[in-house]
Amino acid sequence: MERCSTGFGAAALTAMMQRNGWGNTGGAAPEAVLPDDAALRTFHHPPKVKHVIFCYMSGGVSHVDSFDPKPKLEALHGQPMPVQVERTQFNRNGNVMASPFTFKPSGESGLPISDMFPEIASVADELAVVRSMTTPVNEHAQGNFVMHSGFPFMGHPSAGAWCSYGLGSENENLPGFVVLQSSNAVVPHGGLSLFSSGFLPAQHQGSVLKADQAEAIRNVRPRGLRDDQRRRMEFAKSFDQQFLNQAGGDPQVEAAIENYETAFRMQTSVPELCDISDESESTRRQYGLDSGDQEKAAYARQCLLARRLVERGVRFIELSCLTKGIGAGGAANPWDQHGDLEKGHRAMGFQVDQPIAALIKDLRARGLLDETLIVWAGEFGRTPFSQGSNGRDHNPQGFSVWLAGGGIKGGTWYGATDELGYHAIENRCTVYDLWATVLHLLGVDHEKLTFRYSGRDMRLTDVHGNVLTGILS
């Protein structure tokens, strides 16, 4: 307020008008107005969605066992690979391995989905499956960094941070980028830097919420009277303001001060968000919160909270899988079945299948799916040949991801891998293309969302990226 020359009344009025889509100038449509905290002043084009839910399948889901059927594998099962085999993570490569899962056409579109995901198959007509995704790395930490930030090492902002930075938040009481965890879910390999704001202002980093803990964020429940706490904060803020002035208005210092304010407001908003007592029993059953499988029930709570976060205007939400400890799939990489692939993938599929399908149906029923984009992806796929007797190694040369929600042409598949599911051969895609598409649906030109750092205009898509128009409605 000290930096606002028009005074409290005008500032408050401006904030209220922007939150309600008013106050646009130059004849612009109300939806062209972005919040005060957005780096962009207006959308590049009318947005299709306001929110992104990132269902991250850490560890690497096998595309040839889920969304990319390959009959050739069954015909060649047990035989040596008929093409040159690239280096893999462990280089203990076996023969061609047929999928132990059965595919069938799903929905009116006939989209092929394996029996690993029977519930997601029931919403097949909402999905656009990209079968030709690639990544330049085949190790978990590097793969996670590439999928989150476009770069294979720490220090660059996560996609969620970019979205929060560019578009701001529709709810000043919650962060713009939230990462949900529950039960034994942990951060994927690479650590908390996967959710980092990098060189962007610090308030855009991901905030981790423990969906099923008494305190979703440590110390979020105030230990004293709110008025007393506010007076202490104002006292501290007077020193912070002096330091900010001495630092010449450094944006990172200003971001830290802003984080204190957000944290103060979160003491009320976070407990209210996580209190699902107002949700009906039928909704809880729909998501699977009543499941006897601990991991499934825990993931279901994340999906339910994702919907509640969308309702509260949070820009970017990431969900976290939980390990079943099968076939080398550890806490940080639960889909990583180098052995016992069928057993491990069936268990992981059971964990996420019903909750994700319920999330899509619930958003649709509430009129929220058209303004929400769901992105489902892991860091790479898996090989069409075995590792050992019944596992698969990492395959970055071609794998599948899918999108659903506003602006997406549902019931479609885009691109293709070869007849073995080994290499992308049609409409080859990169992670940059994926995030360019996400930003496009948010109303952003990915080449225009930049931040000046180290003498260069940095962006989420680096110097790459093409919008995947083939999956857009």
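The structure is a predicted model, in which local features need pLDDT of at least 70, side-chain atom pairs count only at pLDDT 80 or more, and totals for chains, interfaces and linings use all residues. Residues are numbered from 1 along each chain as its sequence is written, and side-chain values use heavy atoms, with hydrogens and water left out.

**Strand β1**

- Strand β1 spans residues 51–56, and six of its six residues are buried (under 20% relative accessible area with a 1.4 Å probe, protein chains only; exposed is over 50% and partly exposed lies in between).
- One side of β1 carries H51, I53 and C55, the other V52, F54 and Y56, and both faces are covered.
- β1 runs parallel to strand β9 (residues 372–377), joined by six bridges, and Y56 stands opposite A377 there.
- β1 also runs parallel to β8, with five bridges between them; I53 has I317 as its bridge partner in β8.
- Helices (H or I, at least four residues) and strands (E, at least two) are DSSP runs numbered from the N terminus, and two strands pair if DSSP finds at least two bridges between them.

**Nonpolar cores**

- The largest nonpolar core has 59 residues, and I53, M57, Y299, I356 and W402 touch the most other members. Such a core is a set of buried Ala, Val, Leu, Ile, Met, Phe, Trp, Tyr and Cys residues joined through side-chain atoms within 4.5 Å.
- Beyond its neighbours within four places in sequence, I356 is in contact with C55, M57, I120, Y299, C303, W376 and W402 (contact means heavy atoms within 4.5 Å).

**Helix α5**

- Helix α5 (residues 159–167) is largely enclosed by the rest of the structure, because nine of its nine residues are buried.
- Among the elements covering its buried residues are α4 (140–149), β6 (177–181), β8 (316–320) and α11 (431–441).
- Just after α5, G168 takes a positive phi of about 70°.

**Second largest pocket**

- Residues lining the second largest pocket include V64, K70, E74, S99 and F103. On a 1 Å grid over the protein atoms alone, a pocket is an open set of points where a 1.4 Å probe fits, with protein on both sides within 12 Å along at least five of seven lines; lining residues have an atom within 4 Å of a point.
- Helix α2 (residues 71–75) gives the most to this lining, with three residues.
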